[in-house]
Amino acid sequence: MSFQRILVLKKIAFILLSVLFVHQAFAQPKWIRATYRDDPSTTISLGWSGSSGTLYYDTVDQGTNYAAYTMSKTVDRTTSHKGNSHYFVRLTNLQPGTVYYFAIESGGTAINRYHFRTLSDNSNEPISFISGGDSRKDLSFVGIGDPACWGNGCRETRRDLNTIVARTRPDFIAFTGDYIRNYDVIFVADSEDDWEEWFFDWDYTIATDGRITPMIHSLGNHEDAVDLDKMFDVSNTDIYYATNFGGNLFRLYTLNSETDACTDVVQKNWFINDLQQNNTSSNTPYWKIVQYHQPMVPHANYSARTDLIDCWASEFATYGVRLSCESHTHVLKTTYPLKYDAAATSSYNGLVRDDTLGAVFIGDGSWGAPPRTAFAPISGVTQDVEQTSGFFHININRTRIQIKSVVPYPDSITNVPVLTDNDQGTVLPAGVPLWRPANGSECIIIPNYNNMVAIQKIADQREPAASVSPNPAQNYVDVIFKSALTEAVTIEIYDARGKKCQSHPNIMDQNFKVDVSQLCSGVNFINIVSKNDVESHKVIIVK
C-alpha cells in the first residue's frame, strides 16, 4: 500500500471519527435548566435539549454512576421548538431545604452530574434571588440604533453576568423577559440560532460543581407564551401566576405586561382576588413582590405605562406590595417608595413618594441588551439611574429586603469569589462588582412594623376553624369544622400559582368532602371563605 493511500485512509478515518464524535456529542443531553412550576420547597421541573433520557436523582452524590442513584424519573413531556427537541422531568414530593444530585442517562451513559437545592418552607430562613431581564445580544450590525456594549459586545456582557450567577449561587432567578431579540419582524429567517446561543451562554450560570439555579419566567415583548411553554415548561396558560417562597416569607407575583392591564379583566381580577386572598389574618406573607416586563416607571426610551399604574399599582399599597421588578428599557434604576394617589396635585402619573406604604421600583432590564441613554432623574421618583448593564441581587428575610445592583465592569469577573456552599439566602461576597451611584450601593426596604405586628398578633391568637385531612390526599379531602356553622361559607381550591380550580358556595356542613381526584399533583390550597375572613390550608395532592 502506497504512502499516499495510507494518508488518504487516515484522513478518511479521522473524518469519520470526527463525524461520529460530533453526532454523539449532539445526541447527549445539553442545556440543562430548571424551572419552578409549583411549590419551590417540594417540586421542580428539570429540562434539557438534545436527546431523550432518564433522570436519576438522590440526596447522595453518586457522580455519573446513574445506576447507583436511588430514584429515577422518565421524561414527562417532550416538545419541539426553535430547531431543537426539549425534554422535561417534573419532580414532586421532594424534601424542603435539601440538596439533590442528578444525572441524565442517555444511550447507556451519563456524561455529567448536576445538583439543585430545594428551598426551605421556613419563613425564618432568608432567601436570595436575582432579578433581571433583556439578555439579547448586540444588534448594532443591523442598524437597529441601540448603542454597542463595551468589551466584546453584549454577548460578552451576558456571559459575564451569567458567570456571576454561577459564582455567587443565588437561590433562584426571577427573569423579567426578553431573552433574545426576535428577528422575525426584520428578517424572513427565524431566531433559532439566537436561542441556541442564549442556551449556550446560559450554561455559564451552572457552577463548576454542577449547581443549577432555577428560574421563574416573565413574558417579554420579544418572545411569546409558546416559547416559555415549549422551552422552559411554563404552561402557556400561566403567563401570570403567583408563587410562595419560604412558606409565607414572600409571595412573588409574575404578571403579563404585554396586554392592557385595565382591559385584560381576567388577569386584573385574578391579581386583585389573589392579593385579597393573601391579605387575611391566617395567610398574609411577610412580603409581596411583583415582576413583569414593561415598566410603569421607565427611565429610558419609553413613556410610562399608565394602564399598569391605574389598574395594578393602585392596589399595591392596599395589599402591601413593597417591591416591583421591571425590565425593557435597558438601564439600571431604583426609585423611592411610590404609592398611587389619584388625588395628588403633584405626582408622576398618580405615583407619589410614600416611605411608609410605597413600593420601590427597580429595573430596567440590561442583562446583555445594549444600555440606552438614561432619562434625567425624576424629582420625588428617581433614587438613582444610569446607562449601564447589570441585574439586581435581592436578599430577603422577615425584617428587611436588601437590594444590590451587580454590574459586569470590564476585567472585573476574575475578582468575583467562587462560592461552594449550598446555604440558602447567601449574601453577596466582597469582590462582586456593584453599581455605586450617588445614593449608595444598596437599597433597604423595611416593613410597616405597626401593620405587621397587628397581623402577627391576630394570627397568633386565632385558632383555625377547620381541619383538612388526609394530607397528602389522592381522591378526597375532608374539611372538618370544629363547631357547627352558623352561616354559610365558600370552599375554594387554588393551585400553588394562585389559579382557582374549584369553588363550592353556600356550605353549611360541618364535615364537607371535596373531590380532588382531578386536580394536578403537588401543592394546592383550600381556602374557607366566610363573611369576614379567609382561612387557608395547604394540602398536597398525590397521584
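A salt bridge is a side-chain nitrogen of Lys or Arg within 4 Å of a carboxyl oxygen of Asp or Glu. In this predicted model, the structure holds 21 such salt bridges. One of them joins the side chains of Lys-339 and Asp-354, with a nitrogen-to-oxygen distance of 4.0 Å. Lys-339 belongs to strand E17 (residues 338–340), while Asp-354 sits in the loop between strand E18 (351–353) and strand E19 (360–363), so this pair ties together parts that are 15 residues apart in sequence. With a relative accessibility of 27%, Lys-339 counts as partly exposed.

Other salt bridges involve buried residues. Asp-274 and Arg-251 meet through their side chains at 2.9 Å, N to O, and both residues are buried. Because Asp-274 lies in helix H5 and Arg-251 in strand E13 (residues 250–254), the pair links parts that are 23 residues apart in sequence. Arg-305 and Asp-307 form a salt bridge at 2.8 Å, N to O, and these two residues are buried as well. Salt bridges also link Arg-37, Arg-77, Arg-90, Asp-229 and Asp-233 in a network.

Helix H5 brings us to the packing of helices. Two packed helices are described by the angle and the distance between their axes. For helix H5 (residues 265–277) and helix H6 (residues 306–319), the axes come within 11 Å and cross at roughly 5°. H5 and H6 are therefore roughly parallel to each other. On the H5 side, the contact is made by Gln-267, Lys-268, Phe-271, Ile-272, Leu-275 and Gln-276, which meet Cys-311, Trp-312, Glu-315, Phe-316 and Tyr-319 of H6.

Notes: Residues are numbered from 1 along each chain as its sequence is written. This is a predicted model: local features need pLDDT of at least 70, side-chain atom pairs count only at pLDDT 80 or more; totals for chains, interfaces and linings use all residues. Side-chain values use heavy atoms; hydrogens and water are left out. Axes are lines fitted to C-alpha atoms, for helices over the stretch in contact, and angles run from 0 to 180 degrees between N-to-C directions. Helices (H or I, at least four residues) and strands (E, at least two) are DSSP runs, numbered from the N terminus. Angles under 35 degrees count as roughly parallel, over 145 as roughly antiparallel, 65 to 115 as roughly perpendicular and the rest as oblique. Contact means heavy atoms within 4.5 Å. Buried means under 20% relative accessible area, exposed over 50%, partly exposed in between (1.4 Å probe, protein chains only).
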